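Please read this briefing alongside the sequence and the coordinates. It takes up the ligand site and then a sheet.

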Amino acid sequence: MYPRVILKGILYKKSQQKRRTSPCNYKERYFVLNTEDLTYSERRPGKKPVLKGCIELSRIKCVETVRSDLPIPCEYKYPFQVVYDSYHLYVFAPDNDCRLKWVRALKEETKCNNLEKNYHPDFWGEGKWRCCNRTDKLATGCSDYYPSGCASKKPLPPTPNAERRFSSQELRIVVAMKNFIPQEFTDIALHKDEEYTVIDCSEPNWWTVRDKHGHVGTVPCIYVKEKLSNNIEHFEWYNKNVTRTEAEELLTAVDKEGAFMVRDSRHAGVYTVSVFTKAPGSNGEKYPRVKHYKIRETEDEEPKYYLAEKYLFSSIPELITYHQHNAAGLITRLRHCVSQGQGKSPRIEELESEEWEIDMEDLTLGEELGSGQFGLVLQGLYRGEKVAVKTIREGAMSEEEFKEEARVMMKVSHPKLVRLYGVCTQQSPMYLVFEFLKNGCLAEYLRSRKGSVSQETFLGMCLDVSEAMAYLESSNFIHRDLAARNCLVSEDLVVKVSDFGMTRFVLDDQYTSYTSKFPVKWSSPEVIRYNKFSSKSDVWSFGVLMWEVYSEGRLPYECRTNGEVVESLNAGLRLLKPRLCPEPVYQLMQWCWKEKPEDRPSFVLLFHELASLADI
Ligand code: ADP
C-alpha cells in the first residue's frame, strides 16, 4: 500500500549544517508529509524536483512551535521544530494557521513514537540554547513537551457555566463567556463577550481559535459558546450597529407592512428581529408600530433558534427564511428586508418599478395556451419575442402582495427557471409575462409521449429540475408547489421550473386549506402537519416529481383520496418504484421522502447524484 499524503506545501527550512544564520541558509522547499515520512524537495520552474531530505516519521521525537524574539531572516516568519535522532530541523511557515496545521499533523502522526518529555522552546544559535542558555546542544529540554492528545488531557479550568454549548464544527464564530488567562504559551487569552473564530475544534477540550487581532492559540472550549448560529453578517437583512430606536425610525420611514431587519440586541451574541406593521394589535396597541422579537435559543446541546415557540431552526438564516414565508406567531410575515443606508428616493423607486412594469403597447396577445390557477394563459409577443401571458382573474390573486414580490421573483434568474419578464399592473385583469416554452407543461408532455421518451431523457429532465432547484435553494427561495404540472418543456427538451413561490398569492380557500386543491400528494409530512415550508419540503416534492417523470406523467397515488394518502404516509408507506425507473434513481426518491427534513438531501447533492448517474 502506498503511503497516504497528509499535508503538502511550500515552507522554508533552515540549513542544519551552517553555523551562521545568514538569509542564504534559509531555503524554500516543497514539503510533503505522508503516513510514513516527511520529505522536502527543491522545485525550480522547468526543472525536475530534486529530493533534498527525507525523515522517517518513526525517528521523530518532538514537533513544536518555536517561541523566539529572534528576527527571522526569511520571508516566512512562523517557525517550528522537528526533532529527530539528535538533529533539529527548523521549518518556517508563512502564517500561524499554517504553522499550527503542520505542527498538529506532525504531532498526530508521531504520537505513538518514543517521544521526548522535554524540549527547547527557543532556537539553538551562537553555541547555546536561547531559552535556557545551556551550551550543550544535546542538553535536555527546559520545557515540558505536550505531544498530540496530551494537550487535551491537561486539566481544564473550572466550568464557568453549566450551559456550555457548541454544536457542529461548521459553526465557526464563538463568543467568550468568561475571561481566560493563558496557561501555556500555545494558549491565548479570552476576553468575555468578544468573538473568536474557531480554527480547529477536533480536540475534545482545547480548541484553537483566532482573536480579532489575528492571534491564534488554544482556549478551553467550555469558556466559549457559539455565537448565535453561523455568520450572518453578509445577509442583507442583518444590520450590525443599529439600535432599537434607529430600527424603529428606519422601518417606520419605509412604511411597508412586514418591513423588517435583524439587529444586535443589547446583550452580546443575541439578535433581535424588528418588524413594522400596520395591523391593529389585539390589546389595543397603537398602530402603525414596530415590534421587536428576540431570537431565542433552546437549552439543548445543539441549540435551536426560534421567534415564536414551536417553529425551531438550527440556524438564524433558516429561521428568517421561514418567517419570510410564514408569519407563524409573528404579527406579520417578514416581507421587506430593510438595511441601513438603503433608503431610496421616490424617484429611484419609480425607476425600479419601471423595470418590471411592461407597457401594454409592447405586448400583443394571441391564442389561448391553457387555463391555470389564476386564469387564462395566452400566447403573446413582447418586443418580438414569444411569451406566455398569464391573465389574473379578479379575486384570484392577492395582487398587492404579488406586486411586492414580483421584483424579487424577477431577480431570481436561471436558465432552468421560467423567466418572468415583467407585469402589466396598470389595467385589470393584471398580466404576468413569462418566457414561452413551446412544449408546454411537463406532466402533459410526458403523458402525450408515453412509450417514446428515452431513459436518458427521463434522467435529463430530473437533472434540469434539480439544477433549477439547487439555484433556488442557494437563493433561499422556497418553491412550495414543485410538481411536474409546474414545469415546462422547451423546444429542445430542456425542462424549466415555473410558478415558484406563486402559491403564496392564491386567494382560493380550497387551495390554501388542505382541501381538494391543496397538493397533498406532493407535500412533505411537516407541510401537511404544520404548514412548515422549506427547501427540504421542496426536496420531498422533487421526489414525487421524479416519480411522475418515470411514471410518464401518471398521477401519484392515482386512486386514493388525500386523506388516504396522509394515512399511508403516517404509516411509513411511500410511492412504489415505477416500472421504468432504475434502482439508483428510486433510491434517490426514497431519500427525498425521509420523514425528517434534515435527513433529506439538499438539491445540490441531488444534482450531483443525478449528474453522476447521467455520467456527466
Ligand atoms: P397556473 O400556474 O396559473 O395554474 P399554469 O402555469 O398551469 O397556470 O398554466 C396553464 C397552462 O398554460 C399550462 O399547462 C401550459 O400548457 C400553459 N403555459 C403556462 N405557462 C406557459 C409558458 N411559459 N410557456 C408555454 N405554455 C405555458
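A polar contact is a pair of N or O atoms within 3.5 Å, and within protein one atom must be able to donate a hydrogen and the other to accept it, while residues adjacent in sequence count only if both atoms are side-chain atoms. The model is a predicted one, in which local features need pLDDT of at least 70 and side-chain atom pairs count only at pLDDT 80 or more, whereas totals for chains, interfaces and linings use all residues. Residues are numbered from 1 along each chain as its sequence is written, and side-chain values use heavy atoms, with hydrogens and water left out.

- A backbone N or O atom of L437 lies 2.9 Å from a nitrogen atom of the ligand, and a backbone N or O atom of E435 lies 2.7 Å from a ligand nitrogen atom.
- In the side chain of D499, an N or O atom is 2.7 Å from an oxygen atom of the ligand.

**Shell around the ligand**
- The ligand is surrounded by 14 residues, a residue being near if one of its heavy atoms lies within 4 Å, and Q373 and K390 are among the closest.
- This shell divides into 8 nonpolar, 3 polar and 3 charged residues, where Ala, Val, Leu, Ile, Met, Phe, Trp, Tyr, Cys and Pro count as nonpolar, Asp, Glu, Lys and Arg as charged, and the others, Gly among them, as polar.
- At least two shell residues come from each of β24 (363-371) and β26 (385-392), strands being DSSP runs (E, at least two residues) numbered from the N terminus.

**Sheet**
- Five strands form an open sheet in the order β24-β25-β26-β28-β27, with antiparallel pairing, and two strands pair if DSSP finds at least two bridges between them.
- Because β24 and β27 (420-424) stand at the edges with a single partner strand each, one side of each is left without a neighbour in the sheet.
- Between β24 and β25 (residues 376-382) the antiparallel pairing runs over 6 bridges, and E368 stands opposite L378 in β25.

Technical notes: Helix = DSSP H or I, 4+ residues; strand = E, 2+ residues; numbered from the N terminus.
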